[in-house]
Amino acid sequence: MKTSYLSSLEEKVFSIYDSLKISEPSQIYHVNLIEDLSTMLKIKIYYFDEPSEANNLGGDYRIFLNENQSKQAIWQDFAHELAHILRHEGYQWSMNKPFREYQEWQAEQFAFHFCIPTFMLNHLELPRLKCEAVGFIATLFNVEPTFADARLEKWLLNQEVFYLDRL
């Protein structure tokens with residue numbers, strides 16, 4: 001069994017999934033998970049044909065998801081927009097560009113960890129070939145292969161740093 005310390009971001013993801021009694025990759029993506037999460041977090045979900053976005057109008061949180069995408073892309077967008085609701089305040093377009101870019105980077109990192117949680121990834125036996133590992137992760141977590149590839153790269157880098165710190 002692989003072990004590692006969880007960052008505060010990874011702990012937040014773990015606590016969300018733990019509150020829903022989700023501990024296995026097969027439990028992550030199912031037909032009602034977006035609705036279950038939005039109900040738990042009191043977020044209204046709307047599907048439309050524009051780019052996905054999140055907003056807070058008078059304390060009512062909403063996520064608008066572009067319905068003209070794959071199920072995997074909708075799930076990834078949901079995670080990204082959820083990050084904005086959980087971590088950010090204010091109207092993003094009134095912020096200066098570097099801060100707005102920083103918030104987008106934070107939301108992207110959250111989405112990687114939310115869609116492919118470290119606490120689950122740490123317990124997998126991955127294929128030795130990277131292309132096979134990417135396909136395995138994409139299928140297991142129901143995400144797009146490019147998303148799985150980027151997440152795997154980040155996870156592998158973290159594993160190297162973790163083991164170097166332990167020497």
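The protein has eight helices and three strands, where helices (H or I, at least four residues) and strands (E, at least two) are DSSP runs numbered from the N terminus. Along the sequence, these elements follow the pattern α-α-α-β-β-β-α-α-α-α-α. The model is predicted, so local features need pLDDT of at least 70 and side-chain atom pairs count only at pLDDT 80 or more, while totals for chains, interfaces and linings use all residues. Residues are numbered from 1 along each chain as its sequence is written, and side-chain values use heavy atoms, with hydrogens and water left out.

Of the 167 residues in the protein, 41% are buried. Buried means under 20% relative accessible area, exposed means over 50%, and partly exposed lies in between (1.4 Å probe, protein chains only).

**Aromatic rings**

A pair of aromatic rings is described by the distance of the centres and the angle of the planes. Rings of Phe, Tyr and Trp (its six-membered ring) pair if their centres lie within 6.5 Å; planes under 30 degrees apart count as stacked, over 60 as edge-to-face and the rest as tilted. A search of the whole structure finds 10 aromatic pairs.

W75 and F78 both belong to helix α4 (residues 71-87), where they are three residues apart, about one turn of the helix. W75 is buried, with a relative accessible area of 0%, and F78 is buried with a relative accessible area of 0%. Both residues are also members of one aromatic cluster, formed by F14, Y17, W75, F78, F110, F114 and F119.

F112 and F147 are both buried.

**Surface patches**

Patches are made of residues with over 30% relative accessible area and no salt bridge; nonpolar side chains (Val, Leu, Ile, Met, Phe, Trp, Tyr) are joined within 5 Å and like charges within 9 Å. A salt bridge is a side-chain nitrogen of Lys or Arg within 4 Å of a carboxyl oxygen of Asp or Glu. Accessible areas come from the Shrake-Rupley method with a 1.4 Å probe.

F99, Y102 and W105 make a nonpolar surface patch of about 330 Å². Y102 is found in helix α5 and is partly exposed, with a relative accessible area of 41%.
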